[in-house]
Amino acid sequence: MTTLRQDAQWLGEFLSALWPGASELIGAEFTHAAVTEFNHAEDGAEDGRDEVVSRPPGPLRVPSVTDPLDRLKTQLKEAVLSSIEMDQSATTMDLTSEPSARPGAEVVEAHFPSAGSDRYTFTTHIRALGPVLGKVVRFRVTVGLRLTVRFSAAGEPEVVVHEPTVDTNRRGEFVNDKLRAWKDDIKAQLNDSDLTEELGFLGQARYDAEAARTASPELVVPDRKLLTDGVNVVLVADGFQDSELDTFHDYVDAARRRLYEPNDDHVHEPFHSFTSGLHLWTLVPERPDDTDHSDAASKARDDVVVGVHHDGDSHRTTLGNLARLAAIGRSAQRSISGPVILVFVANHAGDPFADARKDGARARAMAMGNVVMHPTSTSADHWAETLLHELGHTTLGYLADEYVEDNRADEEYRGQTRAAANLMGPDRGQDKWQRWRTGTDVLPAWNAFPVEETEGAGYFGSKIWRPAARCAMQTHQDDQKPEFAQFCPVCREALTSGVREAMGLDEFLVEVSDATDTDRVVRLRAQHRTDTSLSDHVFVAPKGSSTVTVTLAAGTLPEPWQVEAHLDGTGELTSSTDHRGRREGSPVPLRSWTFEGSDGDTLTLTVRSECPFMPFSEDLPTYTLALRCAPDPDAVDPPEKPSSVTGTQTPNNKPGTPQQVTLSAATSDPNGQDVRLEFQIVPDTKSFVHADTQRTDWLSPSSGHARVDGQVTFRKIDRRYTFRARAVNESGRASPWSSTSSITVVMPDPGGGEHGPGKGGNGGRRPPDDNNPTQPL
């Protein structure tokens, strides 16, 4: 795959990640502007028009709809209508189809929406009263729009407006000619306007592969031996000269302190409850050589990912070289396991911010999907406070801004219903937060601001509500107000749910000292959402007992934890707590258990989360971690190579759907231990390098060196598959792989030639197959 194609793939994932939050804001702003402009008072009356053109700090802008709507309203009034109004409750912007990115000829194209999907639609109902009609008529209007944006090394993006569509229902047919003219008006208005101004953070973006530079990320917290998966926050140095990297690391230290150190005000919750699964990294990209540039301006431009543009009365961050962004993103993905949030620590003292500094302004941070553009602030600690607010906007929460812009303090919100968890309006009947208003008994004692619904949010002064009077999402970057509030209960719940979703299936890590004479790390990972009983082994001498110490070191379950330990065995279980203080990337308190264990003894840890941040939307599961004593693997033999390896299809699924196949095998263990069978399955002629692996549960022999049988099931579409099996005992010793066997998955008869189209020459049946679907070794 070429670099251009890889970059386009990563940028497509980036657009997909930012879209839930961006589309929610765009839809709200567009419908608000449309309703306000269409229904404004006439003849110079006070109509709030100045407020409509104000710019919220969202990732994309809303093209002005003023002129086309004014002309449409005039034309409709001329069609014998004396009164006309846009229905606020039925005006929506459907942006559910995601955008995508594709490679072109040395360019990257972004399609809004993705090529081949439905257009974005603006739908409204217009209420009209006319003397000829004699009654109110309510007719629907739907507008469809598609854009393509091309990014190249040449300069500003190129925007292509595809032919709009306009449709109406039967009641609106009498104004069809006006709507057709309006469609042409819309396209002309968009083509005549500078749409790059409406692209927001993409308005100055380029794609210049020659200037792309990257490096590998370095882990800051926690120690690499801890959880392999988690949420990874990567702080990227952007616009720092080599001599300024000490300043960058000051910001890294401030972020580490804010996320990981205890805080009496709890402004870092819920992130602090996930610190053993929240990983902090740094990445310092390589800087282009001076010979790569023809002039100082291009050097300054290509050295950074984050730039700034002047928008109305403020300076906002914008993306620069998309090739450099994609290279950094791909480097992080290759090096890090789990979801990645890129935080560009943009040097506000650098060249891209010169105009902002000249105006005495500070460029505002921007978060979008899995990328945060965060210019340095008056202090590293203030910057770290703001980082929490920006993380709330990312894929971890998709939370909206709750503050009110000064130029909108007197403006009513008239847009569509807000989908963000922390905004409600204008239809308050949905009562999103009723459970939090009445369930105050589940709030932690340190919660500072109860949920009581406060009017004024999402940049508007009225007709839209936020959950609480104060919240980290209600505070924005302001050098005069460095103190940040806690997240309110609604936002903590949304972020807790988002972090858990990003982490995927739960995982725990225990450090073990046992008979192997080497300290080991055991990872216990759930295989399914409902899997709350996790097990593994510790090792003891084959005969007699050994001292075993188990330390619960980390986990993805939010803290604090309540842990209970039980030993099923003859030894004495003792417990200790690490009182040396919190170890970054570990639960509090760090708990250890020691016992004398013999073959078959089992230590069971029951782990419950006492995190109060999502008591309604999801019951946080209770996990049982079972560690069974097994003989030291260096002192035992492996199981026997499996035999009787067979595959059998169960023809009970509908034609055209994956069919169910059962794989079986038998083995035995010379040590009399429990064993599990592992099966690898690949399409015929493929290697086992990337095989689909299925495992049985632990199988117990009836006595001593006895045969055990096990089976697994898998679902595949019709074709030939090859599979093999091996056995693994409790000590971790594995048998050799069996010889390979094959099975042809056969699609069931759809019912004969008379039952459907496309019967073919065999009455709709598959031709006979010479392969026996059951093939023992």
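Which residue just after helix 11 takes a positive phi? Glycine 504 does, with a phi of about 80°. The structure is a predicted model, in which local features need pLDDT of at least 70 and side-chain atom pairs count only at pLDDT 80 or more, while totals for chains, interfaces and linings use all residues. Residues are numbered from 1 along each chain as its sequence is written, and side-chain values use heavy atoms, with hydrogens and water left out.

**The chain overall**

- The protein chain has 11 helices and 35 strands, where helices (H or I, at least four residues) and strands (E, at least two) are DSSP runs numbered from the N terminus.
- Of its 777 residues, 53% count as buried, a term that means under 20% relative accessible area, with exposed meaning over 50% and partly exposed the range in between (1.4 Å probe, protein chains only).
- Among the contacts in the protein chain with a separation of 6 or more, 71% are between residues 24 or more positions apart, a contact being heavy atoms within 4.5 Å.

**Helix 11**

- Helix 11 covers residues 489–503 and reaches 21 Å from its first C-alpha to its last, close to the 21 Å expected at 1.5 Å a residue, the expected span being 1.5 Å times one less than the number of residues.
- Because 12 of its 15 residues are buried, helix 11 is largely enclosed by the rest of the structure; the buried residues include Pro489, Cys491, Leu495 and Met503.
- The cover over these buried residues includes strand 11 (231–238), strand 12 (278–283), helix 9 (380–393), helix 10 (434–438) and strand 21 (520–525).

**The largest pocket**

- The largest pocket has a volume of about 1,100 Å³, a volume being the space filled by probe spheres set on grid points that are joined across faces, edges and corners.
- On a 1 Å grid over the protein atoms alone, a pocket is an open set of points where a 1.4 Å probe fits, with protein on both sides within 12 Å along at least five of seven lines, and lining residues have an atom within 4 Å of a point.
- The lining is made of 31 residues, of which Gln527, Ser535, Arg676, Arg695 and Trp698 lie nearest the centre of the pocket.
- Strand 22 supplies the largest share of the lining, 6 residues.
- The lining divides into 7 nonpolar, 12 polar and 12 charged residues, where Ala, Val, Leu, Ile, Met, Phe, Trp, Tyr, Cys and Pro count as nonpolar, Asp, Glu, Lys and Arg as charged, and the others, Gly among them, as polar.

**Loops and backbone details**

- Valine 221 and proline 222 are joined by a cis peptide bond with omega about -5°, and proline 222 sits in the loop between strand 10 (218–221) and strand 11.
- Another cis peptide bond runs from glutamate 269 to proline 270, with omega near 10°, and proline 270 belongs to the loop between helix 5 (245–260) and strand 12.
- Glutamate 106, although not a glycine, has a positive phi of about 60°; this residue is exposed, with a relative accessible area of 70%.
- Glutamate 453 has a positive phi near 65°, but glutamate 453 is buried, with a relative accessible area of 16%.
- Leucine 573, in the loop between strand 24 (561–568) and strand 25 (574–578), is partly exposed at 28% relative accessible area, and its C-alpha is 5.8 Å from that of threonine 594, which is 21 residues away in sequence.
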